[in-house]
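Please have the structure open as you read.

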Amino acid sequence: MDATIVKLVAELARPSKAVLVAVHVVEVDWTLPLDADIAGRSEDAQRVLDQAEATAESVRTKLDPVLLQARDVGAAIVDEAAERGADLLVCGLPYRRRFGGDFAIGPTVPYLLRNAPCAVWVVREPIPEELA
């Protein structure tokens with residue numbers, strides 16, 4: 001899903017030479033101090049950003065990776081978008097179902113839609129074949 005979004009946004013950004021920023025947020029549990037070095041030690045978080053950067057480079061677009069850690073993913077993304085004066089926020093939404101079969105959107109996307117200072121695009125992955 002991440003590669004699909006990066007390619008989509010990179011292709012859109014290239015003609016205008018827009019600045020792309022990939023933000024990955026590592027959520028810090030309330031039982032830990034906010035300054036605990038979780039993100040810095042997370043190989044998964046760094047791998048996600050490295051893959052995003054490589055995908056953007058493959059379509060000749062520069063991407064600035066940003067690794068954050070926060071208590072709330074949505075609030076961290078909105079704050080980053082506001083600080084950078086973002087024109088567009090694009091986020092991926094995996095296709096998930098809750099127990100009982102209802103589609104589950106989670107808390108982050110609704111937060112972004114309500115609070116982002118810019119336009120928000122949500123890209124949902126296709127329904128897996130085994131669920132279609």
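The crossing of α1 and α2 is right-handed, meaning that the near helix is turned clockwise from the far one by less than a right angle. Helices here are DSSP runs (H or I, at least four residues) and strands are E runs of at least two, numbered from the N terminus. This is a predicted model, in which local features need pLDDT of at least 70 and side-chain atom pairs count only at pLDDT 80 or more, while totals for chains, interfaces and linings use all residues. Residues are numbered from 1 along each chain as its sequence is written, and side-chain values use heavy atoms, with hydrogens and water left out.

The table sets out both pairs; axes are lines fitted to C-alpha atoms over the stretch in contact, and angles run from 0 to 180 degrees between N-to-C directions.

| Helix pair | Angle | Axis separation |
|---|---|---|
| α1 and α2 | about 40° | 9 Å |
| α3 and α4 | roughly 35° | within 8 Å |

In the α3 and α4 pair, Val 73, Gly 74, Ala 75, Ile 77 and Val 78 of α3 make the contact with Thr 108, Tyr 111, Leu 112 and Asn 115 of α4 (contact means heavy atoms within 4.5 Å). By class, six of these residues are nonpolar, three are polar and none is charged; Ala, Val, Leu, Ile, Met, Phe, Trp, Tyr, Cys and Pro count as nonpolar, Asp, Glu, Lys and Arg as charged, and the others, Gly among them, as polar.

On the α1 side of the other pair, Asp 2, Ala 3, Val 6 and Lys 7 meet Val 48, Ala 52, Thr 55 and Ala 56 in α2. That contact has five nonpolar, one polar and two charged residues.

Now for the open space. The largest pocket is lined by 44 residues, and Val 21, Val 23, Leu 89, Val 90 and Cys 91 lie nearest its centre. A pocket is an open set of points on a 1 Å grid where a 1.4 Å probe fits, with protein on both sides within 12 Å along at least five of seven lines, and lining residues have an atom within 4 Å of a point. The lining divides into 32 nonpolar, six polar and six charged residues.
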